[in-house]
Amino acid sequence: MKNNGVNKEDFADLYDQYVRKIFNFIYYKTHHRETAEDLTSETFTKAFRKIEDFDANKGKFSTWLYQIARNTVTDFYRAKKNYANIDDIWDLAADEDILRDLDAARKLEEVQDYLKELKAEQREIVLLRVWEGMTYREIAEIVGKDESNCRVVFSRAIQALRQKMPLVLFLSLLLFNR
Amino acid sequence: MDEKILKILEDIYSVDGSLKAHEEALVRIIQKLLASKPESKIDENFISSLRVKLLESAKPLKEESPQKYMFDLSLMFKRIVFAGVSLAVILTVAFFGLKSGTIKTGNNALAIKNVGSNAFGNIVFSDQSKAQSQGQAENSQPLSSAPATADGRGTSQSTSIAAPIMGMGGGGGTTAPGMGIAYFPATYSYTGDKFEVMSDGLVYKRVIDNPSGSDLVNVINKMNLGLDLNKFGDLKVDSIQISEDKEFGYSLYIDFTQNTFSINQNWEKWPQFAGSNLTELPPDSQIIAISDKFLADYGIDMSKYGKGELMQSRIYYMAAMKGAAAPAADSMPMPVYSQYVSVVYPLVIGDQEVYDQGGQKYGLTVGVDLAQKRVVNVYNISTGSFESSKYDIETNAEKLIGIAEKGGLYGYNYYPAAENSLKIELGTPTQGLVVMWKYDGSKSSEMFVPSLIFPITSGQENYFYRNNVIVPLVGSMMDQSGGGIMPMPLETAPSK
């Protein structure tokens, strides 16, 4: 057992602290509530079983936990679709035979093609920053990078979106938001 | 302005102050992203029940002396943990026909059964790039209708069509057509030699056998699961997953419904990795050697696959790393360096290599982590036999060249021509097969259709991800210029 300062008795507190965040994190990668619940359950079950493997010298608990969640989502889609290049639902075409919540599909209709084009890590940082309102310190812990690196990735991702959004969509935004 | 947006803008400007000039655009994008946030709404009952479940599981875990079932199963999984050893062996052997040291993924010589002409129904290449091209239609312009020159050589700008090219991206460094980073307008022109189409017109279809069947359910039923499977009707095994219980171990996922299996790193057994700061790419030969060694060590039968080669994404990444000049500077993606690359071993059917519709070779794919110099996954390992059926083919070289100059499959996206369009030159085509999936209700069939493979001979160096342009000789292509269907053959051609 590693001296990680975390044991199973502490796990209940950690669960309370992270379960909603992990669920949201997974939901943004699946767009389907039942799937997100299943994968959240799987994430915490794995984390609970492997808590003694967590090494505090190698990273923070949150980094470790989010990595388990990330891997769980990836495994889910790769096993389901049998493709090596799927990390989450963003890597699937909109018409793939995968369950999506109607509300999520509707809301994402206009932007999903552009978010899709971002690298998985870029997209993750953008969504954590914009949707979850996380600080760069929090994001850095989740993605295992330093804060300044996350800032750069975010900035470049937004810049990339600016360049990719077609003029027509951009004009429609101008019209609808005035 | 919303304080949240202001804060995000501050962050962006702290990295690149010049972006302040685009503030209005940035604000709109952030607003749009905020408005697009789906409601996640976690169920509080779910939180409570999961909490109880986890805490209840603590006691047995503490008391239990974990009994792990180890056994030797070929060179591949030396230490597999599975709830039922016999089941794993039976299932795996039944599926792969395991012999010592080798995982058989099918007969060495492919079993191909001819089933007569036009047996697979209509062959239609649907607009698979629709999802990626949504939102671009506003920028569209009509396809040029000018024909290719008579000999197909040196077609001018007026006969070429502007089409977007998507640079490869995506997480994990493994890529697929349709996952893009950047779009560049491009024009294609054929510069190859005259040619004749000599295809035998055979379309192939993979036949899925299901050796697991319902018999395997009886094996499971003998395990003490606390559940009587006889109470359920018409059970069969759809899939299993077995895992190596060792450091850097792998998991094997077997899908009996599709007769495929895949290998993934067993995340729980891979040490935490702090990330990498790779500054240079290893040579191709070194990466392929890592992949070859893995396949050989684990005894995966490669008799129906060609030699491994790096997927085209690598070229993109290399170009980005070198800072190669992109034709559209403001569309240039930021330099990225994937920690992961994929090696593809093309499936070979009847001496023809298989390509995907984006022009990359298609077959068994191995993901390699460059930082750890380890294989992380193996995908698209398929089993089963094939059926073949003869179809009429298009033999008019001029028309085929004309389609190639419009980008062929995946090439009919819209994008305005521009002065800085990439000038893509196409060489003399070879013949191969292109994979497609035909959907019939809830089932899909994997088909392999004879096609011309036009190699891209020039213009590829600037962030262009495609190696080849594909033009099928059989079936119909959705003509994205107008949503109509372009029949192939374009004119009725006698069956050879």
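Predicted model: local features only at pLDDT ≥ 70, side-chain atom pairs only at ≥ 80, totals over all residues.
Reader: What share of the contacts in chain A between residues at least 6 apart in sequence join residues at least 24 apart?

Author: The share is 58%. Contact here means heavy atoms within 4.5 Å.

Reader: What makes up the secondary structure of chain A?

Author: Nine helices and zero strands. Written from the N terminus, the elements of chain A read α-α-α-α-α-α-α-α-α. Chain B has nine helices and 22 strands. Both kinds of element are DSSP runs, numbered from the N terminus: helices are H or I with at least four residues, strands are E with at least two.

Reader: How much of chain A counts as buried?

Author: Buried residues are 62% of its 178 residues. In chain B, 53% of the 496 residues count as buried. The cut-offs are under 20% relative accessible area for buried, over 50% for exposed, and partly exposed in between (1.4 Å probe, protein chains only).

Reader: Why is A:Lys29 called buried?

Author: Its relative accessible area is 8%. The limit is under 20%, so A:Lys29 is buried. A:Lys29 lies in helix H1 of chain A. Among the residues that A:Lys29 touches are A:Arg70, A:Tyr77, A:Trp90 and A:Glu124, leaving out those up to four places away in sequence.

Reader: How far apart are A:Lys29 and A:Thr74 in sequence and in space?

Author: They are 45 residues apart in sequence and 9.3 Å apart in space, C-alpha to C-alpha.

Reader: Is A:Arg70 buried or exposed?

Author: A:Arg70 has 13% relative accessibility, so it counts as buried. A:Arg70 sits in helix H3 of chain A. It touches A:Phe25, A:Lys29, A:Glu124, A:Ile142 and A:Val143, again leaving out residues up to four places away in sequence.

Reader: What makes B:Glu44 and A:Arg20 a salt bridge?

Author: Their closest N and O atoms are 2.7 Å apart. A salt bridge needs a side-chain nitrogen of Lys or Arg within 4 Å of a carboxyl oxygen of Asp or Glu, so the pair qualifies. B:Glu44 is in helix H3 (residues 44–63) of chain B and A:Arg20 in helix H1 (residues 8–30) of chain A, so two chains are joined. B:Glu44 is partly exposed at 42%, and A:Arg20 is partly exposed at 36%.

Reader: How do you know that the pair B:Glu268 and A:Lys50 joins two chains?

Author: The side chains meet in a salt bridge at 3.7 Å, N to O. B:Glu268 lies in the loop between strand S9 (260–265) and helix H7 (284–297) of chain B, and A:Lys50 in the loop between helix H2 (33–49) and helix H3 (61–81) of chain A, so the pair joins two chains. At 33%, B:Glu268 counts as partly exposed. At 17%, A:Lys50 counts as buried.

Reader: What does the salt bridge of B:Glu309 and B:Lys361 tie together?

Author: The N to O distance is 3.1 Å. B:Glu309 is in strand S10 (residues 309–310) of chain B and B:Lys361 in the loop between strand S13 (352–355) and strand S14 (363–369) of chain B, so the pair ties together parts 52 residues apart in sequence. B:Glu309 is partly exposed at 26%. B:Lys361 counts as buried at 18%.

Reader: How many salt bridges are there over all chains?

Author: The count is 20. A:Arg129, A:Arg151, B:Lys7 and B:Asp11 are linked in a network of them.

Reader: Which residues meet where H6(A) and H7(A) are in contact?

Author: A:Glu124, A:Ile125, A:Leu128 and A:Arg129 in H6(A) meet A:Tyr136, A:Ile139, A:Ile142 and A:Val143 in H7(A). They divide into six nonpolar, no polar and two charged. Nonpolar covers Ala, Val, Leu, Ile, Met, Phe, Trp, Tyr, Cys and Pro; charged covers Asp, Glu, Lys and Arg; the others, Gly among them, are polar.

Methods. Residues numbered from 1 in each chain as written. Chains lettered and ligands numbered in written order. Heavy atoms only, no water.
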